[in-house]
Amino acid sequence: MYTVPKLDDYSPAALDRAVAELFSALDAETAALHSESDWKEFRDRWMARKNGVLTQVNDTWLKAAPKEAKRDVGQRVNELKARAEAAIEAAHEKIHASSAGARLERERLDITLPGIRRPIGVKHPVLRVQDEIVSVFKAMGYSVGEGPEVETDYYNFESLNFPPNHPARDTQDTLFIAGQERKPARERLLLRTHTSPVQIRSMEKLAPPLRIVIPGKVHRNDPLDATHSPVFHQVEGLAVDTNITFSDLKGTLDHAMKALFGSSVKTRFYPSFFPFTEPSADMQVSCIFCGGKGCRKCKFSGWIELLGCGMVDPNVFGFVKHNGYDSSKISGFAFGMGVERIAILKYEVEEIQLFYEGDVRFLEQFA
Ligand code: DAH
(Lines give C-alpha, C1' and ligand atoms only; values in the text may rest on other atoms or scores of the structure.)
Protein backbone atom coordinates (compact mmCIF):
# COMPACT_ATOMS: atom_id res chain seq x y z
CA MET A 1 0.00 0.00 0.00
CA TYR A 2 1.33 3.36 -1.05
CA THR A 3 2.07 5.70 1.85
CA VAL A 4 1.82 9.44 1.26
CA PRO A 5 4.73 11.21 3.02
CA LYS A 6 3.98 13.70 5.74
CA LEU A 7 4.62 17.35 4.95
CA ASP A 8 6.77 19.54 7.18
CA ASP A 9 7.10 22.34 4.75
CA TYR A 10 3.88 23.97 3.55
CA SER A 11 5.51 26.59 1.35
CA PRO A 12 4.06 26.75 -2.19
CA ALA A 13 7.32 25.42 -3.64
CA ALA A 14 7.37 22.42 -1.31
CA LEU A 15 3.69 21.76 -2.02
CA ASP A 16 4.36 21.87 -5.76
CA ARG A 17 7.16 19.37 -5.38
CA ALA A 18 5.07 16.99 -3.31
CA VAL A 19 2.18 17.16 -5.77
CA ALA A 20 4.51 16.74 -8.75
CA GLU A 21 5.82 13.57 -7.16
CA LEU A 22 2.32 12.15 -6.93
CA PHE A 23 1.58 13.20 -10.51
CA SER A 24 4.57 11.31 -11.77
CA ALA A 25 3.61 8.27 -9.69
CA LEU A 26 0.16 8.46 -11.26
CA ASP A 27 1.66 8.63 -14.78
CA ALA A 28 4.05 5.77 -14.16
CA GLU A 29 1.33 3.55 -12.78
CA THR A 30 -1.07 4.30 -15.62
CA ALA A 31 1.59 3.35 -18.14
CA ALA A 32 2.09 -0.05 -16.50
CA LEU A 33 -1.55 -1.19 -16.66
CA HIS A 34 -2.27 -4.18 -18.88
CA SER A 35 -5.45 -5.81 -17.72
CA GLU A 36 -8.74 -5.14 -16.13
CA SER A 37 -7.48 -6.57 -12.85
CA ASP A 38 -4.35 -4.34 -12.95
CA TRP A 39 -6.69 -1.44 -13.45
CA LYS A 40 -8.97 -2.36 -10.54
CA GLU A 41 -6.00 -2.60 -8.19
CA PHE A 42 -4.78 0.74 -9.44
CA ARG A 43 -8.17 2.38 -8.99
CA ASP A 44 -8.50 1.06 -5.44
CA ARG A 45 -5.01 2.16 -4.51
CA TRP A 46 -5.90 5.73 -5.41
CA MET A 47 -9.59 5.96 -4.66
CA ALA A 48 -10.23 3.59 -1.74
CA ARG A 49 -12.04 5.46 0.97
CA LYS A 50 -9.94 3.80 3.60
CA ASN A 51 -6.25 4.47 3.07
CA GLY A 52 -6.42 5.23 -0.66
CA VAL A 53 -3.85 7.79 -1.84
CA LEU A 54 -6.45 10.55 -2.12
CA THR A 55 -7.81 9.83 1.35
CA GLN A 56 -4.27 9.87 2.73
CA VAL A 57 -3.57 13.18 1.01
CA ASN A 58 -6.71 14.58 2.54
CA ASP A 59 -5.79 13.32 6.02
CA THR A 60 -2.03 13.83 6.14
CA TRP A 61 -1.80 17.01 4.12
CA LEU A 62 -5.02 18.96 4.27
CA LYS A 63 -6.20 18.16 7.78
CA ALA A 64 -2.70 18.56 9.24
CA ALA A 65 -2.00 21.83 7.43
CA PRO A 66 -1.62 25.03 9.46
CA LYS A 67 -4.52 27.42 9.00
CA GLU A 68 -2.68 29.82 6.72
CA ALA A 69 -1.64 27.03 4.31
CA LYS A 70 -5.07 25.32 4.08
CA ARG A 71 -6.21 27.27 1.05
CA ASP A 72 -3.07 26.42 -0.93
CA VAL A 73 -3.11 22.79 0.09
CA GLY A 74 -6.85 22.50 -0.61
CA GLN A 75 -6.40 23.81 -4.13
CA ARG A 76 -3.66 21.30 -4.89
CA VAL A 77 -5.55 18.42 -3.34
CA ASN A 78 -8.55 19.21 -5.56
CA GLU A 79 -6.32 19.38 -8.60
CA LEU A 80 -4.77 16.07 -7.69
CA LYS A 81 -8.19 14.49 -7.22
CA ALA A 82 -9.40 15.73 -10.59
CA ARG A 83 -6.25 14.52 -12.28
CA ALA A 84 -6.39 11.10 -10.61
CA GLU A 85 -10.04 10.60 -11.51
CA ALA A 86 -9.41 11.55 -15.11
CA ALA A 87 -6.37 9.27 -15.28
CA ILE A 88 -8.32 6.37 -13.85
CA GLU A 89 -11.12 6.80 -16.31
CA ALA A 90 -8.79 7.19 -19.28
CA ALA A 91 -6.83 4.12 -18.25
CA HIS A 92 -10.00 2.09 -18.10
CA GLU A 93 -11.03 3.11 -21.57
CA LYS A 94 -7.61 2.30 -22.92
CA ILE A 95 -7.56 -1.17 -21.41
CA HIS A 96 -11.02 -1.85 -22.66
CA ALA A 97 -10.23 -0.78 -26.16
CA SER A 98 -7.04 -2.82 -26.32
CA SER A 99 -8.60 -5.99 -24.91
CA ALA A 100 -11.54 -5.77 -27.33
CA GLY A 101 -8.98 -5.21 -30.08
CA ALA A 102 -6.99 -8.20 -28.90
CA ARG A 103 -10.10 -10.35 -28.92
CA LEU A 104 -10.99 -9.29 -32.44
CA GLU A 105 -7.45 -10.06 -33.49
CA ARG A 106 -7.55 -13.49 -31.86
CA GLU A 107 -10.85 -14.34 -33.41
CA ARG A 108 -9.97 -13.20 -36.82
CA LEU A 109 -11.00 -15.67 -39.48
CA ASP A 110 -9.10 -16.17 -42.65
CA ILE A 111 -11.87 -17.32 -44.90
CA THR A 112 -9.43 -18.02 -47.68
CA LEU A 113 -7.85 -20.97 -45.78
CA PRO A 114 -8.93 -24.41 -46.97
CA GLY A 115 -11.56 -25.98 -44.66
CA ILE A 116 -11.23 -29.10 -42.53
CA ARG A 117 -12.13 -32.02 -44.72
CA ARG A 118 -14.59 -34.46 -43.20
CA PRO A 119 -14.09 -37.69 -45.08
CA ILE A 120 -17.32 -39.34 -46.11
CA GLY A 121 -17.64 -42.74 -44.44
CA VAL A 122 -18.61 -45.98 -46.12
CA LYS A 123 -20.65 -48.90 -44.95
CA HIS A 124 -18.74 -51.18 -42.59
CA PRO A 125 -17.55 -54.34 -44.40
CA VAL A 126 -19.62 -56.60 -42.12
CA LEU A 127 -22.81 -54.69 -42.86
CA ARG A 128 -21.87 -54.47 -46.49
CA VAL A 129 -21.57 -58.25 -46.77
CA GLN A 130 -24.71 -58.71 -44.67
CA ASP A 131 -26.64 -56.44 -47.05
CA GLU A 132 -25.17 -58.21 -50.03
CA ILE A 133 -26.33 -61.61 -48.73
CA VAL A 134 -29.77 -60.20 -48.00
CA SER A 135 -30.08 -58.69 -51.47
CA VAL A 136 -29.17 -62.00 -53.13
CA PHE A 137 -32.19 -63.54 -51.39
CA LYS A 138 -34.41 -60.51 -51.95
CA ALA A 139 -33.83 -60.99 -55.66
CA MET A 140 -35.25 -64.52 -55.24
CA GLY A 141 -38.41 -63.12 -53.67
CA TYR A 142 -37.47 -63.39 -50.00
CA SER A 143 -38.70 -60.80 -47.52
CA VAL A 144 -36.53 -59.50 -44.69
CA GLY A 145 -37.28 -59.88 -40.99
CA GLU A 146 -35.73 -59.00 -37.68
CA GLY A 147 -35.98 -60.13 -34.08
CA PRO A 148 -34.75 -59.14 -30.62
CA GLU A 149 -31.18 -59.68 -29.48
CA VAL A 150 -32.34 -60.26 -25.92
CA GLU A 151 -34.38 -63.40 -26.33
CA THR A 152 -36.22 -65.90 -24.16
CA ASP A 153 -34.98 -69.41 -23.56
CA TYR A 154 -38.20 -70.55 -25.25
CA TYR A 155 -37.50 -68.90 -28.61
CA ASN A 156 -33.75 -69.42 -28.60
CA PHE A 157 -33.89 -73.10 -27.64
CA GLU A 158 -37.09 -74.81 -26.66
CA SER A 159 -39.25 -73.95 -29.68
CA LEU A 160 -36.34 -74.90 -31.91
CA ASN A 161 -36.56 -78.40 -30.54
CA PHE A 162 -33.74 -78.12 -28.02
CA PRO A 163 -35.43 -79.85 -25.07
CA PRO A 164 -34.63 -78.44 -21.61
CA ASN A 165 -31.30 -79.78 -20.38
CA HIS A 166 -30.60 -81.39 -23.73
CA PRO A 167 -26.87 -81.61 -24.48
CA ALA A 168 -27.42 -79.95 -27.89
CA ARG A 169 -27.63 -76.68 -25.93
CA ASP A 170 -23.99 -77.08 -24.99
CA THR A 171 -22.95 -76.46 -28.60
CA GLN A 172 -23.85 -72.79 -28.10
CA ASP A 173 -22.15 -71.34 -25.05
CA THR A 174 -24.88 -69.02 -23.88
CA LEU A 175 -24.82 -65.68 -22.06
CA PHE A 176 -27.82 -65.59 -19.71
CA ILE A 177 -29.15 -62.47 -18.05
CA ALA A 178 -28.42 -62.76 -14.31
CA GLY A 179 -30.93 -62.98 -11.47
CA GLN A 180 -33.80 -64.84 -13.16
CA GLU A 181 -33.70 -68.03 -11.12
CA ARG A 182 -37.27 -67.57 -9.96
CA LYS A 183 -38.70 -67.42 -13.47
CA PRO A 184 -39.80 -70.59 -15.27
CA ALA A 185 -36.88 -71.77 -17.46
CA ARG A 186 -38.55 -70.95 -20.77
CA GLU A 187 -39.15 -67.30 -19.78
CA ARG A 188 -35.57 -66.62 -18.77
CA LEU A 189 -33.80 -64.04 -20.87
CA LEU A 190 -30.54 -64.57 -22.68
CA LEU A 191 -28.55 -63.01 -25.48
CA ARG A 192 -29.62 -64.91 -28.57
CA THR A 193 -26.94 -67.33 -29.69
CA HIS A 194 -28.24 -67.46 -33.25
CA THR A 195 -30.84 -65.84 -35.49
CA SER A 196 -32.87 -69.06 -35.66
CA PRO A 197 -35.39 -67.95 -32.96
CA VAL A 198 -36.67 -65.45 -35.51
CA GLN A 199 -37.82 -68.45 -37.59
CA ILE A 200 -40.49 -69.15 -34.95
CA ARG A 201 -41.29 -65.47 -34.44
CA SER A 202 -41.75 -65.03 -38.21
CA MET A 203 -44.02 -68.07 -38.52
CA GLU A 204 -46.11 -66.81 -35.59
CA LYS A 205 -46.67 -63.61 -37.51
CA LEU A 206 -46.97 -64.83 -41.10
CA ALA A 207 -48.90 -67.73 -42.56
CA PRO A 208 -47.29 -69.99 -45.18
CA PRO A 209 -46.11 -69.78 -47.90
CA LEU A 210 -43.15 -67.99 -46.35
CA ARG A 211 -39.76 -67.03 -47.66
CA ILE A 212 -37.76 -64.82 -45.37
CA VAL A 213 -34.18 -63.89 -44.48
CA ILE A 214 -33.25 -62.54 -41.07
CA PRO A 215 -29.97 -60.69 -40.60
CA GLY A 216 -28.77 -59.78 -37.13
CA LYS A 217 -26.30 -59.77 -34.30
CA VAL A 218 -25.80 -62.82 -32.11
CA HIS A 219 -23.82 -63.42 -28.91
CA ARG A 220 -21.88 -66.33 -27.52
CA ASN A 221 -19.62 -66.81 -24.57
CA ASP A 222 -16.73 -67.65 -26.90
CA PRO A 223 -13.24 -66.29 -26.30
CA LEU A 224 -11.94 -64.01 -29.03
CA ASP A 225 -9.49 -65.65 -31.42
CA ALA A 226 -8.58 -65.27 -35.09
CA THR A 227 -11.94 -66.63 -36.24
CA HIS A 228 -14.26 -66.26 -33.21
CA SER A 229 -15.81 -63.25 -31.58
CA PRO A 230 -18.33 -63.19 -28.71
CA VAL A 231 -20.52 -60.92 -30.83
CA PHE A 232 -21.00 -61.62 -34.51
CA HIS A 233 -23.62 -61.53 -37.27
CA GLN A 234 -25.72 -64.14 -38.96
CA VAL A 235 -28.19 -64.29 -41.78
CA GLU A 236 -30.95 -66.81 -41.22
CA GLY A 237 -33.16 -68.12 -44.00
CA LEU A 238 -36.48 -69.91 -43.97
CA ALA A 239 -38.69 -71.11 -46.82
CA VAL A 240 -41.98 -72.87 -46.11
CA ASP A 241 -44.53 -73.97 -48.69
CA THR A 242 -46.21 -77.08 -50.02
CA ASN A 243 -43.75 -79.52 -51.60
CA ILE A 244 -40.51 -77.86 -50.54
CA THR A 245 -37.77 -80.44 -50.90
CA PHE A 246 -34.08 -80.79 -50.18
CA SER A 247 -33.35 -80.05 -53.84
CA ASP A 248 -34.99 -76.63 -53.40
CA LEU A 249 -32.58 -76.04 -50.55
CA LYS A 250 -29.62 -77.15 -52.63
CA GLY A 251 -30.61 -75.09 -55.65
CA THR A 252 -31.28 -71.98 -53.59
CA LEU A 253 -28.01 -72.09 -51.68
CA ASP A 254 -25.99 -73.05 -54.74
CA HIS A 255 -27.37 -70.03 -56.55
CA ALA A 256 -26.68 -67.77 -53.55
CA MET A 257 -23.05 -68.93 -53.28
CA LYS A 258 -22.48 -68.32 -56.99
CA ALA A 259 -23.96 -64.85 -56.58
CA LEU A 260 -21.66 -64.13 -53.61
CA PHE A 261 -18.40 -65.79 -54.70
CA GLY A 262 -18.63 -66.03 -58.48
CA SER A 263 -20.22 -68.50 -60.86
CA SER A 264 -17.38 -71.01 -60.80
CA VAL A 265 -17.87 -71.85 -57.13
CA LYS A 266 -19.35 -75.27 -56.36
CA THR A 267 -21.33 -76.39 -53.33
CA ARG A 268 -21.72 -79.71 -51.56
CA PHE A 269 -23.84 -80.82 -48.64
CA TYR A 270 -22.45 -82.87 -45.81
CA PRO A 271 -24.55 -84.67 -43.20
CA SER A 272 -24.72 -82.81 -39.90
CA PHE A 273 -26.99 -82.30 -36.91
CA PHE A 274 -29.15 -79.42 -35.72
CA PRO A 275 -32.12 -80.03 -33.42
CA PHE A 276 -34.43 -77.89 -35.58
CA THR A 277 -33.73 -79.53 -38.95
CA GLU A 278 -34.10 -83.09 -40.14
CA PRO A 279 -32.15 -83.99 -42.14
CA SER A 280 -29.43 -81.43 -41.35
CA ALA A 281 -26.42 -80.53 -43.42
CA ASP A 282 -23.30 -78.43 -43.47
CA MET A 283 -22.89 -76.72 -46.79
CA GLN A 284 -19.39 -76.43 -48.15
CA VAL A 285 -18.11 -74.35 -51.04
CA SER A 286 -15.22 -75.27 -53.28
CA CYS A 287 -12.17 -73.44 -51.94
CA ILE A 288 -12.30 -69.92 -53.28
CA PHE A 289 -8.52 -69.56 -52.87
CA CYS A 290 -7.33 -72.60 -54.85
CA GLY A 291 -10.49 -73.36 -56.81
CA GLY A 292 -10.71 -76.78 -55.18
CA LYS A 293 -7.20 -78.04 -55.89
CA GLY A 294 -6.24 -77.99 -52.22
CA CYS A 295 -4.25 -75.35 -50.31
CA ARG A 296 -3.38 -74.30 -46.78
CA LYS A 297 -6.60 -72.27 -46.47
CA CYS A 298 -8.86 -75.31 -47.13
CA LYS A 299 -6.52 -77.65 -45.26
CA PHE A 300 -5.81 -79.32 -48.60
CA SER A 301 -9.37 -80.64 -48.85
CA GLY A 302 -10.50 -78.32 -51.65
CA TRP A 303 -13.64 -77.44 -49.64
CA ILE A 304 -14.57 -74.82 -47.05
CA GLU A 305 -17.43 -75.27 -44.61
CA LEU A 306 -19.70 -72.25 -44.73
CA LEU A 307 -23.12 -72.73 -43.19
CA GLY A 308 -25.66 -74.96 -41.51
CA CYS A 309 -28.94 -75.92 -43.11
CA GLY A 310 -31.59 -78.57 -43.41
CA MET A 311 -35.26 -79.38 -43.76
CA VAL A 312 -37.37 -77.84 -41.00
CA ASP A 313 -38.02 -80.50 -38.35
CA PRO A 314 -41.79 -81.21 -38.08
CA ASN A 315 -41.48 -80.67 -34.31
CA VAL A 316 -40.57 -77.04 -35.00
CA PHE A 317 -43.79 -76.52 -36.96
CA GLY A 318 -45.53 -78.08 -33.95
CA PHE A 319 -44.38 -75.15 -31.81
CA VAL A 320 -46.14 -72.64 -34.08
CA LYS A 321 -49.63 -72.74 -32.65
CA HIS A 322 -51.57 -70.96 -35.36
CA ASN A 323 -51.27 -69.81 -38.98
CA GLY A 324 -51.60 -73.38 -40.34
CA TYR A 325 -48.06 -74.70 -40.09
CA ASP A 326 -49.30 -78.28 -40.38
CA SER A 327 -46.38 -80.58 -41.09
CA SER A 328 -48.63 -83.03 -42.91
CA LYS A 329 -49.37 -80.37 -45.52
CA ILE A 330 -46.30 -78.19 -45.70
CA SER A 331 -42.54 -78.50 -45.54
CA GLY A 332 -39.66 -76.12 -45.48
CA PHE A 333 -35.95 -75.59 -45.42
CA ALA A 334 -33.81 -73.34 -43.28
CA PHE A 335 -30.24 -72.17 -43.24
CA GLY A 336 -27.99 -69.95 -41.15
CA MET A 337 -24.69 -68.38 -42.12
CA GLY A 338 -22.08 -66.31 -40.34
CA VAL A 339 -21.61 -62.92 -41.98
CA GLU A 340 -18.05 -62.37 -40.71
CA ARG A 341 -17.07 -65.82 -41.94
CA ILE A 342 -18.23 -64.95 -45.44
CA ALA A 343 -16.61 -61.51 -45.25
CA ILE A 344 -13.33 -63.11 -44.16
CA LEU A 345 -13.39 -65.37 -47.22
CA LYS A 346 -14.53 -62.70 -49.66
CA TYR A 347 -11.91 -60.17 -48.59
CA GLU A 348 -9.19 -62.55 -47.33
CA VAL A 349 -9.18 -60.97 -43.89
CA GLU A 350 -6.67 -62.61 -41.55
CA GLU A 351 -8.30 -61.93 -38.19
CA ILE A 352 -11.90 -61.37 -37.21
CA GLN A 353 -10.90 -58.65 -34.68
CA LEU A 354 -10.02 -56.36 -37.57
CA PHE A 355 -13.74 -55.93 -38.13
CA TYR A 356 -14.32 -54.54 -34.66
CA GLU A 357 -11.23 -52.45 -33.92
CA GLY A 358 -12.27 -49.47 -36.03
CA ASP A 359 -8.76 -48.97 -37.42
CA VAL A 360 -9.17 -46.70 -40.45
CA ARG A 361 -6.17 -48.28 -42.14
CA PHE A 362 -8.22 -51.47 -42.33
CA LEU A 363 -11.60 -49.90 -42.96
CA GLU A 364 -10.52 -47.50 -45.70
CA GLN A 365 -9.67 -50.50 -47.89
CA PHE A 366 -13.41 -50.96 -48.26
CA ALA A 367 -14.03 -47.37 -49.34
N1 DAH B 1 -28.44 -71.59 -35.91
C2 DAH B 1 -27.32 -72.41 -36.30
C3 DAH B 1 -26.07 -71.94 -35.57
O4 DAH B 1 -25.99 -70.79 -35.24
C5 DAH B 1 -27.09 -72.34 -37.78
C6 DAH B 1 -28.19 -73.00 -38.55
C7 DAH B 1 -28.11 -74.32 -38.89
C8 DAH B 1 -29.32 -72.28 -38.90
C9 DAH B 1 -29.10 -74.97 -39.58
C10 DAH B 1 -30.33 -72.92 -39.61
C11 DAH B 1 -30.19 -74.27 -39.95
O12 DAH B 1 -31.44 -72.30 -39.98
O13 DAH B 1 -31.20 -74.89 -40.65
O14 DAH B 1 -25.19 -72.72 -35.36
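## Charges over rings

A charge sits over a ring if NZ of Lys or CZ of Arg is within 6 Å of the ring centre and within 35 degrees of the ring normal. The charged end of arginine 201 meets this rule over the ring of tyrosine 155, 4.0 Å from its centre. Lysine 297 places its charged end over the ring of phenylalanine 289, 4.4 Å from the centre.

This is a predicted model: local features need pLDDT of at least 70, side-chain atom pairs count only at pLDDT 80 or more, and totals for chains, interfaces and linings use all residues. Residues are numbered from 1 along each chain as its sequence is written, and side-chain values use heavy atoms, with hydrogens and water left out.

## Aromatic pairs

A pair of aromatic rings is described by the distance of the centres and the angle of the planes. Rings of Phe, Tyr and Trp (its six-membered ring) pair if their centres lie within 6.5 Å; planes under 30 degrees apart count as stacked, over 60 as edge-to-face and the rest as tilted. The count by this rule is 13 aromatic pairs. Phenylalanine 157 and phenylalanine 162 form an edge-to-face pair, 5.1 Å centre to centre, with 75 degrees between the planes. Phenylalanine 157 is buried, at a relative accessible area of 1%. Phenylalanine 162 is buried too, with a relative accessible area of 1%. Buried means under 20% relative accessible area, exposed over 50%, partly exposed in between (1.4 Å probe, protein chains only).

Phenylalanine 246 and phenylalanine 269 also pair edge-to-face, 6.0 Å centre to centre and 80 degrees between the planes. This pair links distant parts of the chain: phenylalanine 246 is in helix α8 (residues 246-261), phenylalanine 269 in strand β6 (residues 267-274), 23 residues apart. Helices (H or I, at least four residues) and strands (E, at least two) are DSSP runs, numbered from the N terminus. Phenylalanine 246 is partly exposed, with a relative accessible area of 26%. Elsewhere, Phe137, Tyr142, Phe333 and Phe335 form one aromatic cluster.

## Helix packing

Two packed helices are described by the angle between their axes and the distance between the axes. Axes are lines fitted to C-alpha atoms, for helices over the stretch in contact, and angles run from 0 to 180 degrees between N-to-C directions. Angles under 35 degrees count as roughly parallel, over 145 as roughly antiparallel, 65 to 115 as roughly perpendicular and the rest as oblique. Helix α2 (residues 36-47) and helix α4 (residues 70-106) have axes that come within 10 Å and cross at roughly 175 degrees. α2 is therefore roughly antiparallel to α4. On the α2 side, Glu36, Trp39, Phe42, Arg43, Trp46 and Met47 make the contact; α4 supplies Ala84, Glu85, Ile88, Ala91, His92, Ile95 and His96. By class, this contact of α2 with α4 has eight nonpolar, two polar and three charged residues. Ala, Val, Leu, Ile, Met, Phe, Trp, Tyr, Cys and Pro count as nonpolar, Asp, Glu, Lys and Arg as charged, and the others, Gly among them, as polar.

The axes of helix α5 (residues 125-138) and helix α10 (residues 339-347) come within 9 Å and cross at roughly 100 degrees. α5 and α10 are therefore roughly perpendicular to each other. Val126, Arg128, Val129, Gln130, Glu132 and Ile133 of α5 meet Val339, Glu340, Ile342, Ala343, Lys346 and Tyr347 of α10. The residues of the contact of α5 with α10 comprise seven nonpolar, one polar and four charged.

## Buried sites

Helix α7 (residues 197-205) has Pro197, Val198, Gln199, Ile200, Ser202 and Met203 as its buried residues. They pack against β2 (150-152), α6 (153-156), β4 (210-219), β5 (231-241), α9 (314-318) and β9 (331-338). Contact means heavy atoms within 4.5 Å.

Phenylalanine 366 is in the segment after α11 (360-363). At 7% relative accessibility, phenylalanine 366 counts as buried. Phenylalanine 366 touches Val122, Pro125, Arg128 and Tyr347, leaving aside residues up to four places away in sequence.

## Backbone exceptions

The peptide bond from proline 208 to proline 209 is cis, with omega near 0 degrees. Proline 209 is in the loop between α7 and β4. Glutamate 278 and proline 279 are also joined by a cis peptide bond, with omega about -5 degrees. Proline 279 is in strand β7 (residues 277-286).

Asparagine 165 is not a glycine, yet has a positive phi of about 65 degrees. Asparagine 165 lies in the loop between α6 and β3 (189-191) and counts as exposed at 77% relative accessibility. Phenylalanine 300, likewise not a glycine, has a positive phi of about 60 degrees. Phenylalanine 300 lies in the loop between β7 and β8 (303-312) and is exposed, with a relative accessible area of 62%.
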